[in-house]
Amino acid sequence: MTRKNTIGILAAAIVGLATLGQPTPAHALTPYFTPATNAVKTPDAKGFIQRWMLLEPISKPNRTNTVFTDSYLRAAFDTLYFPDQFTVLPKNGDKVTVGEQELNWHALESTNYNVKLFRFADGLKKNVYGVLFWAVTVVNSPEEVKDVRLSVGSNSASMWWLNGQEALLLSGDRRMVVDDAMSKRLTLKKGRNILRGAVINGPGMSDFCVRFVDAKGKPITNLSITCQ
Amino acid sequence: MKKQTIRLFVNALLITGLAQTGWAQVGKPFIHDPSTIMECEGKYYTFGTGRGGLISADGWTWDGGGVRPGGGAAPDAVKIGDRYLVAYGATGGGLGGGHNGKILTMWNKTLDPNSPDFAYSEAVVVASSDGLEDNDAIDPGLLLDPNDGRLWCSYGTYFGFIRLVELDPKTGKRVEGNEAINIAIDCEATDLIYYDGWYYLLGTHGTCCDGVNSTYNIVVGRSKKVTGPYLDNMGRDMLEGGGKMVVAAGDRKIGPGHFGWINLGDGVQKMSCHYEADLDQSGRSVLGIRPLLWKKGWPVAGDLFKEGTYEIESERRGYALELAVDFVRMPYARRGFQANNDEPIKALPAQTLEEVEATWPGGNIEVRIGDYMFRPHQRWTITAVPEAGGYLGGPYYKIVIAGTERALTATADAELTTVPVFTGAPEQLWRIDQLIDGTYRIMPKAIPNSTAQYALVSAGDSTPSLAPFDGDSDNCKWNFRAH
């Protein structure tokens, strides 16, 4: 890119920012996240799950997202980065060590239907690119429900487990799209269901949205979401 | 051996790209002027000129055996309540003969000649022509109006007008005092249908009965009232010779005529006809069954599905059915935008199966839906399996990754996979129906351990599955793209 082009693009960006209603907050969790409380929380009106335990990003450098083939992802998500990573139900503030990183778990609620991991990382002044996020939440169902599907959109690739069983893999360089990928038909147990996900990204705005839909494809909203 | 020879020949043609085979009915589908296809106790029936008719257990393999007394020509049939009304024409002298004709109707509780209930009532005359008036009373077409239960019969040929009379649906006789009215010219073998707010008059146009040189084709006009006027897409009255084309010759089949309608519901419709000559069946007159499409309120025949290699594209999102395998990048030397554009252009080869197949796992491989890049894991070769039988309008197909025998398979939990080698099991056989909007429904012949009927669906943008068919949802629709 020529210097002229670079200056031109920068100028356009500044003008663009100046015309926005609000200045973009730098390095803050708000307004994207609030701390999770113990108040009863259901999915939002469209079934999206907003209360999550999120682990600060594990550094996993990738200059490009073209590496996210099924094989690469299975290896990346099968790697044990920290003890009990497939079974842990952390509390807010719990720490794990991954290589030379000391990472904290955060109990958060997304203010949007999607969980903007980029803003989570940026808000805590962590790396936003070349990252692997772990997320876990507890989905409480008043009754057993058969033939549900887990619906996920993610930026970029991701893998999801329900009650310890692999439920979904989203591969390739993707962006977060509602109802992009669906699991096979699953059963939500009466009571607690542990939902765990891992999202990986190179350069991009890491993000995910998750809901359950019933046999007719309608979002399930009569659930309560807890961190424990 | 003969089937094997035909299969080898077709394969050879497919490899050379010459054949675009659309499979027509099999068995002995030889008939002229077929009636609307009737369903009776799980079988399909159609009656033709002469005494008999065809019977099929599945709508794909047809054989003689239909019984219709009275001789004459070009019958039609309609189901009213729990019995069948059959109409036919007994004409004075046939082609080049007299024009004093008679339309007769008769009842039967069943169309199965082996049933103890099989017995036609005495035929009664409902319309006639005296040989001099502007009409020749042959080629009846019946419509039971779903709006008010009235029964109508159109009839006639090129000699004068197509006429419309009203019959009593309880007796099959002409309504007392009903006067025939003229509704069209320049056609014969008419049929009437009602769909989505309009009455449609189908007429067969062009030359009949000249084998491979018949120009027979089917046209249509429509009206808000059953009594007409029937206008075509240009606003021309069928009384002036108007008519919009529904189906003409093509794909080695010549002279379609005698439209019949089969509305299976859920956005699945077929039309029946005969072809004056099927070049693949010794040029004989044969039964034809085609998908029926609707375009802006006009019916038009779809083409028979042609074997070939396709993208299977979701109507929901436009992504392609593919194997869940690693995407293999093609080598490509990046070229700056300031490079020399006078360098010669050359065609780059597409990625080949040989370049990627070794990266695929053995055993079953799952499927998903993803960005179409005409890569080997997204190209499906679809070929008929005629020995596996069929359904109304088509044979069962196998769907394999191009260049392999890896076959799309339905699973017992109503999901999908691919098996390394096609075995012919019912869950590897696929029914393909073109829907009225031109997209396709794709259904497995069976799911293991289940009698439930499922169709290929998009469960998500990137996730295929099997679920009951919903004709109103784009999730249930697919396109075949040869590109």
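This is a predicted model: local features need pLDDT of at least 70, side-chain atom pairs count only at pLDDT 80 or more; totals for chains, interfaces and linings use all residues.
- Chain A comes to 3 helices and 14 strands; helices (H or I, at least four residues) and strands (E, at least two) are DSSP runs, numbered from the N terminus.
- Of the 228 residues in chain A, 39% are buried. A residue is buried if 20 or more other C-beta atoms lie within 10 Å of its own, exposed if 12 or fewer, and partly exposed in between, with C-beta atoms placed from the backbone.
- The contact between the chains takes 14 residues from chain A and 13 residues from chain B; two residues are in contact if their C-beta atoms, placed from the backbone, lie within 7 Å.
- On the chain A side, helix 2 (70–78), strand 7 (145–155) and strand 10 (181–182) each supply at least two residues.
- By class, that side of chain A has 3 nonpolar, 5 polar and 6 charged residues. Here Ala, Val, Leu, Ile, Met, Phe, Trp, Tyr, Cys and Pro count as nonpolar, Asp, Glu, Lys and Arg as charged, and the others, Gly among them, as polar.

**Strands of chain B**

- Chain B has an open sheet of 5 strands in the order 1-5-4-3-2, with mixed pairing; two strands pair if DSSP finds at least two bridges between them.
- Its edge strands are strand 1 (26–27) and strand 2 (38–40), each pairing on one side only.
- Strand 1 of chain B runs parallel to strand 5 (residues 61–67) of chain B over 2 bridges, and Gly27(B) stands opposite Trp62(B) there.
- Back at the opening pair, strand 18 (residues 253–265) and strand 19 (residues 268–278) of chain B are antiparallel over 9 bridges.
- Those two strands form a hairpin with 2 residues between them, and Asp266(B) in the turn has a positive phi of about 65°.

**Two domains in chain B**

- Chain B is divided into domain 1 (27–301) and domain 2 (308–329 + 347–481), with bounds from an automatic or database domain assignment.
- Their centres, taken over C-alpha atoms, are 37 Å apart.
- Where they touch, domain 1 of chain B gives 17 residues and domain 2 of chain B gives 16.
- Strand 20 (284–295) of chain B is one of the contributors on the domain 1 side, and its 6 residues are the largest share.

**The largest nonpolar core**

- This core has 172 residues, and those with the most contacts inside it are Phe133(A) and Cys153(B). A nonpolar core is a set of buried Ala, Val, Leu, Ile, Met, Phe, Trp, Tyr and Cys residues joined through C-beta atoms within 7 Å.
- Strand 6 (residues 131–141) of chain A brings the largest share, 7 residues.

- Most residues other than glycine have a negative phi, and most peptide bonds are trans.
- A cis peptide bond joins Thr30(A) and Pro31(A), and another runs from Gly228(B) to Pro229(B).
- Asp186(B) isn't a glycine but has a positive phi of about 60°.

Definitions and conventions. Residues are numbered from 1 along each chain as its sequence is written. Chains are lettered from A and ligands numbered from 1 in the order in which they are written.
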